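Hi,

Here is the structure I said I would pass along. Have a look at it, and then read on for what turned up.

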Amino acid sequence: MKRSGLIGFAVAGAIALAGCQQAPEASNATAPTPSATPTVSGVRALPEAAQLKLAFRTTYGKDGAAQVQEDDAGVINVKPGQLLWIGDTAVLLSPGANESDCHACSGALAIAYLKPQGDGFAVTGKWPTLVRGSGWGAEPEWRVTNEFTDNPAIYVESGDTAQGYSCGGASITELKPDGPVQSERVWLSASNEGAVDDTTGKTFGGEPLIRLEGKITDIVKGKSFAVQASGTAKFVERYDYRDGKFVPLQKESRLSC
């Protein structure tokens, strides 16, 4: 037999052998079934803007603007600000300016807690003036932060000036599932510059110039943070998270009024 014939015979045999081999058995393993996405229904199915509008109307009985009043805070004209969800609880934040623009009159950030009820809401709690701003009737400069606590918190800086003395600080209000909890005031600045005589360099009471600015540093979420002060003096003040709120470790802040 010629060499070319032998090659052809070998190739044909290999093809025949391959055709006789059995296909591997199909695996008995069942492919995992993708988990279904939970269906959102009721009020949570609405667009965010519609949820905010409905929450404000449910809380205050009006759209766009309303008035709140509590204790000695005066009349606050609030408007829809932001709606947060903490689990199954909706938290409505409504900033407002005070009707009076006096030096000691402050605006507020009204807080309301709501629960879904059918296609709407039911109010479970209100804190109209827990979070306040500075004077002259202005609404607080606020923001929601996750830096300090496990739950979202409202952070507001405010200050005051009188007779040449000024000081400033911050409030941290944690939005816990069962209601807001405000920590003790965090002092951030102090100055007597406006009361210092240019000739003597001291105040009428003989105090030297004080000009201090503090910055929050070393934040350990849910545990502690520090305030690093600089200016006419340098020092550190510390705050720990105890019994659900931040408290100062020092008896009296050097940055307070």
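Let's start with glutamate 147, which is partly exposed, with a relative accessible area of 38%. Its partner is arginine 143: the two form a salt bridge, with 3.4 Å between the closest N and O atoms. Arginine 143 is partly exposed as well, with a relative accessible area of 38%. Keep in mind throughout that this is a predicted model.

How many salt bridges are there in the whole structure? A search finds 5. As a general point, side chains of opposite charge can pair when their charged atoms come close. Another of the pairs is arginine 57 with aspartate 63, whose side chains meet at 3.0 Å, N to O. Arginine 57 has a relative accessible area of 37%, so it counts as partly exposed. Aspartate 63, at 44%, is also partly exposed.

Then there is lysine 79, which makes a salt bridge with glutamate 139; their closest N and O atoms are 3.8 Å apart. Lysine 79 sits in the loop between β2 (75-78) and β3 (82-86), while glutamate 139 is in the loop between β6 (120-132) and β7 (142-145), so this pair ties together parts that are 60 residues apart in sequence. Lysine 79 is partly exposed at 40% relative accessibility, and glutamate 139 is partly exposed with 31%.

Is it buried or exposed? Serine 191 has a relative accessible area of 15%, so it is buried. A polar atom of its side chain lies 3.1 Å from the backbone nitrogen of glutamate 193, and the serine 191 side chain also reaches the backbone oxygen of isoleucine 210 at 3.4 Å. Leaving aside residues up to four places away in sequence, serine 191 touches Gly164, Tyr165, Ser166, Ile210 and Arg211.

Now the chain as a whole. It has 2 helices and 15 strands, and 36% of its 257 residues are buried. Of the contacts with a separation of 6 or more, 45% are between residues 24 or more positions apart. The accessible surface comes to about 15500 Å², and carbon and sulfur atoms account for 52% of that.

One last thing, on confidence. The average pLDDT of the chain is 87, and 84% of the residues score at least 70. Over residues 1-29, though, the pLDDT is below 50, and this stretch has 1 contact in the model beyond near neighbours in sequence.

Cheers

Definitions and conventions. Residues numbered from 1 in each chain as written. Predicted model: local features only at pLDDT ≥ 70, side-chain atom pairs only at ≥ 80, totals over all residues. Heavy atoms only, no water. pLDDT = per-residue confidence, 0-100. Contact = heavy atoms within 4.5 Å. Buried < 20%, exposed > 50% of the residue type's maximum accessible area, 1.4 Å probe, protein only. Polar contact = N/O pair within 3.5 Å; in protein donor to acceptor, adjacent residues only side chain to side chain. Helix = DSSP H or I, 4+ residues; strand = E, 2+ residues; numbered from the N terminus. Areas by Shrake-Rupley, 256 points an atom, 1.4 Å probe, with all protein chains shown as cover. Salt bridge = Lys/Arg side-chain N within 4 Å of Asp/Glu carboxyl O.
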